[in-house]
Amino acid sequence: MSASSSRPDPSTPGESRRAAVRAAAEAAVPAALADLGNLVRIPSVAFPGFDRAEVERSAAAVQALLADLGIFDRVEVKTAVIPETGAEGMPAVLASRAARNGRPTILLYAHHDVQPAGDEALWESAPFEPTVRDGRLYGRGAADDKAGVMAHVGALRALIEALGTDFDLGVNLFIEGEEEAGSASFAAFLAENADALRADVIVVADSGNWDAATPALTVSLRGNARFTLTVRTLDHASHSGMFGGAVPDAMLATVKLLSTLWDDDGAVAVAGVHERDAETPEYTEQTLRDEAGLPEGVSPIGRGTILSRIWNKPSITITGIDAPSVRNASNTLSPEVSVVISMRVAPGQDAREAFGAIEEHLRAHAPFGAQLSFSDIDCGNAFLVDTGGSAVAQARAALEEGYGVPPVDIGVGGSIPFIADLVREFPGAQILVTGVEDPHARAHSPNESLHLDTFRHALVSEALLLESLDSATAS
């Protein structure tokens with residue numbers, strides 16, 4: 001990367017350095033968006049049944065972007081073995097640069113794998129062909145989380161352009177390749193590469209903002225307990241005319257059983273599942289309708305403030321079902337039905353404890369003596385950020401400077417379970433959860449998109465945070 005002839009000397013006053021970094025960050029946005037478009041074109045889905053070669057191609061592309069920065073002691077594509085299965089995990093990209101002269105080290109996290117496209121007929125443009133419409137970049141992974149990758153790369157390019165490659169800040173990057181598929185090898189990867197990843201400050205760029213113009217620092221995340229429930233009532237399928245009315249079919253038992261998970265308001269009705277008592281900012285029902293796509297006439301569910309329902313209370317969603325399709329329906333009593341149940345766990349409760357509560361509830365409420373089995377259990381704990389650290393104050397200042405408005409501390413109803421692994425492996429690190437998404441990004445859905453101005457502000461803010469840390473002394 002070429003050096004700017006107007007680059008300030010490292011000994012010049014902070015305002016001059018900071019202004020140079022900001023200007024370089026603004027100038028870095030077009031190239032970062034072009035590279036983001038190239039990443040979006042790679043369908044790097046890490047789910048079983050998809051082409052692993054595409055994830056490997058995506059990792060190689062990220063490796064090339066990081067190597068081109070010219071600041072790292074090492075840039076590698078690496079994998080770890082999944083402990084439960086012995087299989088090789090998906091490729092991640094690891095880069096590291098040692099700190100000098102008492103400066104801290106920052107670890108920048110994002111992931112280069114993406115969700116499947118789903119039904120492409122629901123997309124207004126091809127999911128893996130980046131398309132700009134109305135100030136947004138559309139494409140799978142454009143927001144979640146290849147934009148996070150490019151925010152890191154763009155911010156580092158700006159720092160290098162403004163200060164040269166001879167700055168003192170330690171910088172490590174971990175660009176994961178299987179976050180959307182459950183981060184099965186994450187803990188093993190951390191343990192095997194702890195020395196290369198160890199940092200004073202960790203930035204997880206995989207969250208969102210208050211809105212397209214207002215930045216946010218995520219200070220709480222719900223946990224998750226996801227599993228497959230199989231309900232069985234018959235040894236084999238039977239004719240519904242011959243035996244219906246006397247023999248319970250699995251669908252009947254499943255519908256009755258699942259209905260016990262919620263009360264009449266749609267709130268979770270499972271004993272032993274906790275709520276967190278914490279204040280939330282004002283957020284109207286109309287905003288919910290706009291951001292979630294909730295039509296007039298369809299009422300919200302739950303009780304309490306809307307954001308308390310999303311941030312601080314549990315939720316249960318049926319995300320998949322194996323049963324005869326409408327097209328293949330016949331007059332048959334189904335012997336077995338399987339459903340995937342996804343519970344979001346309130347901050348403060350252990351995810352395994354919450355799973356135990358819902359398992360006990362389902363067994364106690366199984367109708368007609370239906371036989372239940374539980375499989376594919378995946379639990380991840382919630383996370384609460386310690387907001388007292390110096391890096392939090394530096395991040396808030398950088399966000400306000402980059403966006404032009406003060407940031408908001410938010411909770412997020414989603415989960416990032418691997419943060420618990422980061423806390424365990426690096427207990428002394430300050431963890432900052434940031435992101436490039438706005439409420440209309442539609443991550444995981446058709447027509448996922450990135451608000452371009454939000455991306456610009458996020459890149460500038462991260463560059464300013466890097467400049468602040470480069471001026472600081474490690475604790």
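Reader: What share of the 475 residues of the protein count as buried, and what makes a residue buried?

Author: In this predicted model, 51% of the 475 residues of the protein count as buried. A residue is called buried when its relative accessible area is under 20%.

Reader: Why is Thr105 called buried?

Author: The relative accessibility of Thr105 is 13%, and because the cut-off is under 20%, Thr105 counts as buried. Thr105 is found in strand E3, which covers residues 105-111. Leaving aside neighbours within four places in sequence, its contacts include Ala99, Gly170, Val171 and Asn172, and also Arg198, Ala199, Asp200 and Val201.

Reader: How do you know that the radius of gyration of the protein agrees with that of a compact globule?

Author: For 475 residues a compact globule would have a radius of gyration near 23 Å, and the protein has 24 Å, so the value agrees with the rule. Along its principal axes, the C-alpha trace spans about 85 × 45 × 45 Å. The secondary structure comes to 13 helices and 18 strands. Among contacts with a separation of 6 or more, 80% are accounted for by residues 24 or more positions apart.

Reader: What makes a set of residues a nonpolar core, and how many residues has the largest one?

Author: The members must be buried residues of the nonpolar kinds that are joined through side-chain atoms within 4.5 Å. The largest nonpolar core has 64 residues, and those with the most contacts inside it are Leu66 and Phe455. Helix H3, residues 146-163, gives the most to this core, with 12 residues. Apart from this core lies another, of 28 residues, among them Leu94, Leu190, Ala194 and Val385.

Reader: Which residues does Leu66 touch?

Author: Not counting residues up to four places away in sequence, Leu66 touches Phe72, Val75, Val93, Ala95, Val153, Leu173 and Ile175.

Reader: What makes a space a cavity, and how many of 30 Å³ or more are found?

Author: A space is called a cavity because a 1.4 Å probe fits there but cannot get out. A search of the whole structure finds 2 cavities of 30 Å³ or more.

Reader: Which residues lie nearest the centre of the largest cavity, and how many line it?

Author: The largest cavity is lined by 17 residues, of which Leu399, Thr434, Ala458, Ser461 and Glu462 lie nearest its centre. The elements that give two or more residues to this lining are strand E7 (201-208), helix H11 (390-403), strand E17 (430-437) and helix H13 (452-470). By class, the lining of the largest cavity has 12 nonpolar, 4 polar and 1 charged residues.

Reader: What is the phi of Ser183, and why is Ser183 called buried?

Author: Phi of Ser183 is near 55 degrees, a positive value in a residue other than glycine. Ser183 has its place in the loop between E6 and H4. Its relative accessibility is 12%, and because buried means under 20%, Ser183 counts as buried.

Reader: Where is Asn447, and why does Asn447 count as buried?

Author: Asn447 lies in the loop between E17 and strand E18 (449-451), and its phi is near 65 degrees, a positive value in a residue other than glycine. With 8% relative accessibility against a cut-off of under 20%, Asn447 therefore counts as buried.

Reader: What is the omega of the peptide bond from Asp144 to Asp145?

Author: Omega is near 5 degrees, and the peptide bond from Asp144 to Asp145 is cis. Asp145 is found in the loop between strand E5 (136-138) and H3.

Reader: Why is Val273 called buried, and which residues are in contact with Val273?

Author: Val273 has a relative accessible area of 14%, and because the cut-off is under 20%, Val273 is buried. Val273 is found in the loop between helix H7 (250-258) and helix H8 (285-292). Leaving aside neighbours within four places in sequence, Val273 is in contact with Pro314, Met343, Gln349, Ala354 and Ala357. Val273 and Ala357 are 84 residues apart in sequence and 6.4 Å apart in space, C-alpha to C-alpha.

Terms used
Residues are numbered from 1 along each chain as its sequence is written. This is a predicted model: local features need pLDDT of at least 70, side-chain atom pairs count only at pLDDT 80 or more; totals for chains, interfaces and linings use all residues. Side-chain values use heavy atoms; hydrogens and water are left out. On a 1 Å grid over the protein atoms alone, a cavity is a set of points where a 1.4 Å probe fits but cannot get out, and a pocket is an open set with protein on both sides within 12 Å along at least five of seven lines; lining residues have an atom within 4 Å of a point. Grid points are joined across faces, edges and corners, and a volume is the space filled by probe spheres set on the points. Helices (H or I, at least four residues) and strands (E, at least two) are DSSP runs, numbered from the N terminus. Ala, Val, Leu, Ile, Met, Phe, Trp, Tyr, Cys and Pro count as nonpolar, Asp, Glu, Lys and Arg as charged, and the others, Gly among them, as polar. Buried means under 20% relative accessible area, exposed over 50%, partly exposed in between (1.4 Å probe, protein chains only). Contact means heavy atoms within 4.5 Å. The radius of gyration is taken over C-alpha atoms; the globule rule is 2.2 Å times the number of residues to the power 0.38.
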